[in-house]
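Open the model in your viewer and keep the selection tool ready. We will go stop by stop.

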Amino acid sequence: MKVTFKDVRLSYDGKTDTLKQLNFTIPDGALVSLLGPSGGGKTTTLNLISGLLPATSGQIFFGDTDVTKQDALQRKVGMVFQNYALYPHLSVRDNIAFPLKMQHVAKAERYQKAEELAKLVHVDDQLNKKPGELSGGQQQRVAIARALAKSPSLLLLDEPLSNLDARLRIEMREEIRRIQRETGVTTIFVTHDQDEALHISDAIMVLNDGRIQQFSTPTQLYDRPENLFVAKFIGEPVINTLPAEKLAADLTNHIDGDILVRAETAGIRSEAIVPNDYGQGVLTQIHASLHQAQKYGREATATLDYQGETLLSTELAGLPRDQSEGDFFLTRAGFFLFDNRGELIYGGDADDQ
Amino acid sequence: MAKRLSRVLLYLIVILGGITMLMPFLWMVSTSLKTAPETIKVPPLWIPKVFQWGNYAKAFDAAPFARYFVNSVIVTVATTVGQLFTSILAAFAFARLQFYGKNLLFLIFLGTMMIPGEMLIIPNFVTLSKLSLIDTYGALIIPWLASFFTVFTLRQTFQSTPDQIYYAAKIDGASDWKYLWTVLVPMSKSTITAVTVLQVIGSWNAFMWPLIVTNSETMRTLPVGLQAFTTDAGTQYQLLMAASTFVILPMVIVYIFLQKYIIAGISKAGLKG
């Protein structure tokens, strides 16, 4: 089911807007992540979609139907909560069958459906247990099965993995991707973990301060951040930022003057600082001194001192140890310039050239 | 050593407390098996020479206890079920719903808990007599159909259930009504059992109110019926105690089976209240 927001605004107290003029369309069958820092409006947006929160103004469409005035009961979405929210007094079987019971589906039929779904999410051997007897990962699977029980038009997941340990999180995110592919249900996934979002989404909507910062594919988000916030938020290690004027001398011959004049901040991804020009699309050459090199497992990072700014690079592992000062290269990919409003004015099109 | 000593002391206090609590109960059972002269003997006699089992038959015949028993059961069941129903609805409203004046209303109700029950006897009596309900089941039942103590206890429990369970039920297609009865009430089983048991005991043992609002023999409940043994000529203690023993027997049985819930419920209500 396609979801469309038209000028949706939400205000809890009538004075300040928690969400400001949201406009977007989530295509049918896609897995979309809502990504952003805490308090950015992700869960609020999800609650607007589910109908748990009414929009202050604007319209919400499911397909071509205006559902703005419908509540959660009428919208028929499936939802998985951060703490799973399973009914503790019901068995796994009854938990999964609960939405069907509410629709007055006959017992035999709803139990059959519950068993099918339990198989899909791999908890079919736990049907008679109570949620309290299951591990976190199993509870999450049951919650997903329950959300899918009524064949929802939309599957909404609110930070479903944040209560799981690191290894299980990776396993479960692959599971969510698999289940989504198998069922083809349009899925909206809230997370504050960019790694999670980048791995499983068809598209990512970055929300901050109640606004959509960027809504695009994961690759686009990384390769072509539309503003400084997205550039800083996406990517690990965090992008190097420095005042554009410090780079002015090194950029004058490579970038148009009128762009440089407007440039306020430069962003350089750590992998865009390389020791040699192998013809990988180098933008310019900079002179810097090597400050410190560290190695963690397979990751090696080095910090450079460039005009009083510290730059982090992940591409300098093979550098001779005694080299402390020298020339380094900036690649075109991973180099961005932003104007005084934080909007992207240069970069992000390396692949096109 | 000090640790052991404090433990011994602790047990001593607990045992003393237990004996103090148990003494009246044992005295009642013992008296119920004595002859009339034995009941007032000095020094007191703990174990009667010959167990007078006949006291029980005599006591039972002395008054229409079968009728009193039926009345007690009717009043206890009706007040408990009725009170539980109204309290669950009210507690849900206070815990979950948003309505105008909710907090003020809650405070006013909370204030009513400070009014001693004895003060309400006269206004309640006047109201019921104006409704010509005196000496009917109505008088015995209606005033007890709402209890803010029960509302308050249940509200605390309802409030402690996670919001997300409520939202999940909403998403799953449950209305407030369905959520309340299929999710919230089963989840709050232990508290509900506890308040039920407290209400059953209170209702079963109620003496003052049934005494005041009933006149006819056929409307009396068991505790009131025990008065039959107190006459102008004095009290027949052995028969009174025999009757008392079988009056409290159902409650003792209830307690034995549900003590886990009662203790849990009381400590819960106590902690949060």
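Keep in mind that the model is predicted.

**Stop 1: the sheet in chain A**

Strands in a sheet are joined by backbone hydrogen bonds.

**Stop 2: one pair of strands**

Select residues 282-296 of chain A, strand S14, and residues 325-331 of chain A, strand S17. The two strands pair in the antiparallel sense over seven bridges. Zoom in on Val282(A). Which residue of S17(A) is the bridge partner of Val282(A)? It is Thr331(A).

**Stop 3: where chain A touches chain B**

Show both chains. The contact takes 17 residues from chain A and 15 residues from chain B. On chain A, select helix H2 (72-75) and helix H3 (92-102); each supplies at least two residues of the side that touches chain B. H3(A) gives the largest share of that side, three residues. Colour the chain A side by residue type: twelve residues are nonpolar, four polar and one charged.

**Stop 4: chain B as a whole**

Chain B has 14 helices and two strands. Its C-alpha trace spans about 70 × 70 × 30 Å along its principal axes. Of the 273 residues in chain B, 31% are buried.

Conventions: Residues numbered from 1 in each chain as written. Chains lettered and ligands numbered in written order. Predicted model: local features only at pLDDT ≥ 70, side-chain atom pairs only at ≥ 80, totals over all residues. Pairing = 2+ DSSP bridges. Helix = DSSP H or I, 4+ residues; strand = E, 2+ residues; numbered from the N terminus. Contact = placed C-beta atoms within 7 Å. Nonpolar A, V, L, I, M, F, W, Y, C, P; charged D, E, K, R; others polar. Buried ≥ 20, exposed ≤ 12 C-beta atoms within 10 Å, placed from the backbone.
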